[in-house]
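Hi,

Here is the structure I promised to pass on. Please have a look at it first, and then read my notes below.

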Amino acid sequence: GHIRPLAILKTSGAVFALLLTIIFIRDVGLIVIPLSVVAAVFLVDIIGIPVVLYKTEGLDFREFLRSVWLRMSLIGAGLAILFAGMKAAWLPTSWPALIAQGAAAGACAMLAIWYFGINQQERKQLVVQPLQKIFARRSR
């Protein structure tokens, strides 16, 4: 089974994030918490899991890098530029403004992933079908 290596990998990622946080929180401040989580997710989900699946299931690692990682990296870079521009143009001065900016950023991220991050089959399988099931249950 490949469940044990994946579980070890996920646990190692959590420990890595915790260690980064403990090591750098005095120097960097609270921002190190989300940065540590992002670093751990990157190492585990973007690099570690494909390597494990390559070894256990025969996943073509180069194809994964080309089709998924490159596409998501470009989306991430585009969103980072957009969010930096949003921050420069619109500095929130109140809680409602901060919430509105977060909602706008979230909407931009969802649209970017919807149009550029997943293909039509993935949209149907991961979004449309589950929503149809939810609404079918509520209409009974």
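The side chains of Ser36 and Thr21 are joined by a polar contact of 3.3 Å. This is a predicted model, so please read that distance, like the other values here, as computed from predicted coordinates. Ser36 belongs to helix α2 and is buried, its relative accessible area being 3%. Beyond its neighbours within four places in sequence, Ser36 is in contact with Ala17, Leu20 and Thr21.

Helix α1 covers residues 3–28 and helix α2 residues 32–57; their axes come within 8 Å and cross at roughly 155°. That angle makes α1 roughly antiparallel to α2, and the crossing is right-handed. Which residues of α1 meet α2? They are Pro5, Leu6, Leu9, Lys10, Gly13, Phe16, Ala17, Leu20, Thr21, Phe24, Ile25 and Val28. On the α2 side, the residues they meet are Val32, Ile33, Ser36, Val37, Ala39, Ala40, Leu43, Val44, Asp45, Gly48, Ile49 and Val52. By class, the residues of this contact comprise 18 nonpolar, four polar and two charged.

Next comes the contact of α2 with helix α3, which runs over residues 61–89. Here the axes come within 10 Å and cross at roughly 145°, and the crossing is again right-handed. From α2, the residues taking part are Phe42, Ile46, Ile47, Pro50, Val51 and Tyr54; from α3, they are Phe61, Phe64 and Trp69. How many nonpolar, polar and charged residues does the contact of α2 with α3 have? The count is nine nonpolar, no polar and no charged.

Is Gln101 buried or exposed? Gln101 is buried, with a relative accessible area of 11%. Its side chain reaches the backbone oxygen of Met86 at 3.5 Å. Setting aside neighbours within four places in sequence, Gln101 is in contact with Met86, Lys87, Trp90 and Pro92.

If you open the model with one view in mind, I would go for Ser36 and Thr21, whose side chains make the 3.3 Å polar contact, and then turn to Gln101 and the backbone oxygen of Met86.

Best wishes

Conventions
Residues numbered from 1 in each chain as written. Predicted model: local features only at pLDDT ≥ 70, side-chain atom pairs only at ≥ 80, totals over all residues. Heavy atoms only, no water. Axes fitted to C-alpha atoms, helices over the stretch in contact; angles between N-to-C directions. Helix = DSSP H or I, 4+ residues; strand = E, 2+ residues; numbered from the N terminus. Parallel < 35°, antiparallel > 145°, perpendicular 65-115°, else oblique. Left-handed = near helix turned anticlockwise from the far one by under 90°. Contact = heavy atoms within 4.5 Å. Nonpolar A, V, L, I, M, F, W, Y, C, P; charged D, E, K, R; others polar. Buried < 20%, exposed > 50% of the residue type's maximum accessible area, 1.4 Å probe, protein only. Polar contact = N/O pair within 3.5 Å; in protein donor to acceptor, adjacent residues only side chain to side chain.
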